[in-house]
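Subject: Handing over the structure

Dear colleague,

Here is the structure we spoke about, for you to open beside these notes.

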Amino acid sequence: MTVGRLLSLKVSVFLSSVPVSVHKQTGRILHVRNGVLYCTMKSSQSQTATQEKQQPPKVKVPQHALKKTVDKITRDYEAIIGIETHVQLSTLTKAFCSCPYNYGSQPNTSICPICMGLPGALPVLNSKVIEFAVKLGLALNCKLSLNSKFDRKQYFYPDLPKGYQISQFDIPIATGGYVDLDLPLEFGGGHRKFGITRVHMEEDAGKLLHSGNGAQVDLNRAGVPLLEIVSEPDMRTGIEAAEYAAELQRVVRYLGISNGNMQEGSLRCDVNVSIRPIGQSEFGTKVEIKNLNSFSSINRAIDFEISRQALLLSEGQGDQIVQETRLWEEGAQKTITMRKKEGLSDYRYFPEPDLPEVILTQEYVDSILKSLPELPEMKRRRYENMGLSMQDVLFLANDMNVAEYFDETLSSGADLKLAANWIMGDIAAYMKNEKLSINEIKLTPKELAELIASIKGGTISGKIGKEILFELLAKGGTVKGLIEEKDLVQIVDPVEIGKIIDKVISENPKQLEQYRGGKTKLQGFFAGQVMKLSKGKANPGLLNKILLEKLNAKN
């Protein structure tokens, strides 16, 4: 954010006692009002005007023109896409102090001198951050640095209390990994492998809260531990980038190191996009896109940016593609200029003097490696080898809790395909309608296996199975208990079924005459009446066999 954009910005931080002062170099006025520290900043109109003149001209890209360039983009240009992903770790306390972080807390209620960056306050590293970083590095097939260090990344922003961010620069904790994923069938399917450049530890900044009265800084998030994952520029389409981000979300959730909720900012993606003519080895000018809070917005923002850049290049206006940060406007479905992108030299990195090196032993790394769960890619390959279709595999492995439920159902003896069908069909529909997770339903994996076995073994019909399924989902209980309580055992005695069929036929002589006159579709009518009379308990196979014999019998 430029100084011109900080006109009359007010920053508030709760303090017990802070003297009024004026910063000699910046002219910022610090004063206390009702126990709250305020930082008021003003810039001259001439500065603002000058900066506005320096902004690159905005290029309006008509929608119809974008559509016309789609074929040309595919034919003549190649997109180069990389993603920087910040994962907020689910530690009990922040990275360098004992303050907790709870999403949605009142502003500035979880802060201390350390995360506020007050003079004399020294950081102490939370050991869980190292453990989680090693877990993620191993899960992403990275090479771990047994000796790494922290650095200071210098830049000014109102929500960065120290004026620098503790991060890692030249020696990150993990490098040179990759992630494997399978694209959904609706997007063409296929396996993809994308490189991971590095994973490094750092702290989060605070947050600006905007209102009609200006902006307030909330430092609750300042110092919250993050892992930044930098991908190789291996992606070529918006859907590949979105699926890559979704796979990272699955991985961190499987590992239990983050909830990965994009709507809470626990997983944030900044996308870098450039395009180049096909056959050209040099990269084009890179543009960063921020404000992407869903996987679908990642896909759409990238597709828009590719089209925007391709249109400019095709019209000879490639010089208007500048290295900058752009925002995705969800309402307008377009990217807009936010600010010019800083370079590495602007950050003036140097080693963090208040923190020691991070030294790992091979024994420590090996112990964490042994503790890793079965990860999404491993689970997908296992399900695929079991004979499930890729559609089934992607659904079941997408959510760790669903996968665990499925595995427990199988371990209770359930048929593989039937278990998958029940979970993906009626159970998934129930969870969606009731807005429940699979951990919140009352039906246990053991009872689902029992229900499947009861239908497969002929104890109850599939129709009755569906009827009692929803009672089990909502209220719990046992399959055997419900069958006995409601007298739902399937009728498999041919004599008893024959008597019910005889009664139905005798009560519908007109339909019998029509059937024997050639309207054979009326068999369904008779079967329905038999099922109704038997309260759904007649075995469907026996019913249809005996019914056909009696309907086709001569008088």
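The protein chain contains 18 helices and 20 strands, and please keep in mind while reading that this is a predicted model. Of its 555 residues, 48% count as buried. Among contacts between residues at least 6 apart in sequence, 70% join residues at least 24 apart.

In soluble globular proteins, nonpolar side chains tend to be buried together. Here the largest nonpolar core has 103 residues, and Leu136, Tyr244 and Ile298 are those with the most contacts inside it. Helix 4, which runs over residues 238-255, gives the largest share of this core, with 9 residues. Another core lies apart from it and has 18 residues, including Ile500, Leu512, Tyr515 and Leu522. As for Leu136, once its neighbours within four places in sequence are left aside, this residue is in contact with Val199, Leu227, Ile229, Val251, Val252, Leu255 and Ile257.

Helix 4 also holds a charged residue, Arg250. Is Arg250 buried or exposed? Its relative accessibility is 11%, and because buried means under 20%, Arg250 counts as buried. Not counting residues up to four places away in sequence, Arg250 touches Glu243, Pro376, Arg380, Ala397 and Asn398.

Helix 5 covers residues 295-314, and its 20 residues should span 28 Å at 1.5 Å a residue; the C-alpha atoms at its ends are 29 Å apart, which agrees. Because 14 of its 20 residues are buried, helix 5 is largely enclosed by the rest of the structure. After helix 5 comes Gly316, which has a positive phi, near 75°.

Strand 15 is made of residues 267-277, and Ile275 is found in it. With a relative accessibility of 4%, Ile275 counts as buried. Leaving out residues up to four places away in sequence, Ile275 touches Tyr77, Glu78, Ala79, Gly284, Ile306, Gln309, Ala310 and Leu313. The C-alpha atoms of Ile275 and Ile81 are separated by 8.6 Å, although the two residues are 194 residues apart along the chain.

**Two asparagines with positive phi**

Most residues other than glycine have a negative phi, and most peptide bonds are trans. Asn141 is not a glycine, yet its phi is positive, at about 60°. Asn141 sits in the loop between helix 3 (127-139) and strand 6 (143-144), and with a relative accessible area of 35% Asn141 is partly exposed. Asn291 likewise has a positive phi, near 65°, in a residue other than glycine. Asn291 lies in strand 16, residues 287-292, and is partly exposed, with a relative accessible area of 47%.

**The cavity**

Rolling a probe the size of a water molecule over the atoms shows where empty space is left. How many cavities of 30 Å³ or more are there? The count comes to 1, and the largest cavity has a volume of about 40 Å³. Its lining is formed by Cys115, Leu160, Pro161, Lys162, Tyr164, Glu203, Asp204, Ala205, Ala222 and Gly223. By class, this lining has 6 nonpolar, 1 polar and 3 charged residues.

With best wishes

Technical notes:
Residues numbered from 1 in each chain as written. Predicted model: local features only at pLDDT ≥ 70, side-chain atom pairs only at ≥ 80, totals over all residues. Heavy atoms only, no water. 1 Å grid on protein atoms, 1.4 Å probe; cavity = no way out; pocket = protein on both sides within 12 Å on 5 of 7 lines; lining within 4 Å. Points joined across faces, edges and corners; volume = space filled by probe spheres on them. Core = buried A, V, L, I, M, F, W, Y, C linked by side-chain atoms within 4.5 Å. Buried < 20%, exposed > 50% of the residue type's maximum accessible area, 1.4 Å probe, protein only. Helix = DSSP H or I, 4+ residues; strand = E, 2+ residues; numbered from the N terminus. Contact = heavy atoms within 4.5 Å. Expected span 1.5 Å × (residues − 1).
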